[in-house]
Amino acid sequence: GQAFKSRIVILLCLQYALWSIGVYGFVMWLPSIIKAAPDMDIVSTGWLSALPYVFAIIGMLSASYFSDKLLNRKIFVWPFLLIGALAFYGSYLVGSDQFWVSFALLTIAGAAMYAPYGPFFAIIPEILPANVTAGAMALINSFGALGSFAGSYVVGYLNGTTGGFSASYIFMAGSLFLSAVVTIIAVKHE
């Protein structure tokens, strides 16, 4: 009950839902985005789909290491979400005519979205009382699951309705941008 009454928990629920919209829209639709490139076969699509996750591993390990080293969590969450939003927006601006530039920006977006997971989940027990932490984490994860459903569904809907990926890039960029802003608001005094 205490978790539901906490302003920080409610903001982190919103933040994680918005973040998950971007992540799961990306996860579910990246192979389709790559496959739409000219002369792209299934094997190339598979290899290229793996590339953002290789950089995501590096980003996650680096962000977690430096977050622990500096004992500052927030600075390793919102900047990465903002970078992800800007990379999605940049990929939208470049468009599908310049596939490799667009793909490089999507790779940056993917890595940036995954990098802050460790620091984000370290924030929760550090800023909340022990009696609220478990319930807060469960509630935040539940909202993340709702965001992941919404992200997958809405991105698919936008892709199908518009016949391209541009609208979904804007949607994911906007979600990540709002997630970064909510992070700053939620954890002002980490």
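Trainee: What share of the contacts in the protein with a separation of 6 or more comes from residues 24 or more positions apart?

Mentor: Residues 24 or more positions apart account for 77% of those contacts. Please keep in mind that this is a predicted model.

Trainee: How many helices and how many strands does the protein have?

Mentor: The protein has eight helices and zero strands. Read from the N terminus, the order of elements is α-α-α-α-α-α-α-α. The radius of gyration is 17 Å, close to the 16 Å given by the globule rule for 190 residues, so the protein is as compact as a globular protein of that length. Along the principal axes, the C-alpha atoms fill a box of roughly 55 × 35 × 25 Å.

Trainee: What do the burial and surface values show for the protein?

Mentor: A residue counts as buried when its relative accessible area is under 20%. By that criterion, 46% of the 190 residues of the protein are buried. The accessible surface comes to about 9300 Å², and 72% of that surface belongs to carbon and sulfur atoms. As for charge, the protein carries 7 positive and 6 negative side chains, with the centres of the two sets 18 Å apart.

Trainee: Which residues of α4 are buried, and what covers them?

Mentor: The buried residues of α4 are P79, L81, G84, A85, A87, F88, G90 and S91. Their cover includes α2 (7–35), α5 and α8 (166–186). Just after α4, G95 takes a positive phi of about 80°.

Trainee: Which residue has a positive phi although it is not a glycine, and where is L71 found?

Mentor: That residue is L71, with a phi of about 55°. L71 is found in the loop between α3 (42–70) and α4. L71 has 64% relative accessibility and therefore counts as exposed.

Trainee: Is S67 buried or exposed?

Mentor: S67, which is found in helix α3, has a relative accessibility of 1% and therefore counts as buried. Apart from neighbours within four places in sequence, S67 is in contact with N72, R73, F76 and P119.

Trainee: What does M137 touch?

Mentor: Not counting residues up to four places away in sequence, M137 touches F121, I124 and P125.

Trainee: How far apart are M137 and A50 in sequence and in space, and how far apart are V101 and G90?

Mentor: Each pair has a separation along the chain and a separation between C-alpha atoms. M137 and A50 are 87 residues apart in sequence and 29 Å apart in space. V101 and G90 are 11 residues apart along the chain, with 9.2 Å between their C-alpha atoms. G90 is among the buried residues of α4.

How values were computed. Residues numbered from 1 in each chain as written. Predicted model: local features only at pLDDT ≥ 70, side-chain atom pairs only at ≥ 80, totals over all residues. Heavy atoms only, no water. Helix = DSSP H or I, 4+ residues; strand = E, 2+ residues; numbered from the N terminus. Rg over C-alpha atoms; globule rule 2.2 N^0.38 Å. Buried < 20%, exposed > 50% of the residue type's maximum accessible area, 1.4 Å probe, protein only. Contact = heavy atoms within 4.5 Å. Areas by Shrake-Rupley, 256 points an atom, 1.4 Å probe, with all protein chains shown as cover. Lys, Arg positive; Asp, Glu negative; His and termini not counted. Charge placed at Lys NZ, Arg CZ, Asp CG, Glu CD.
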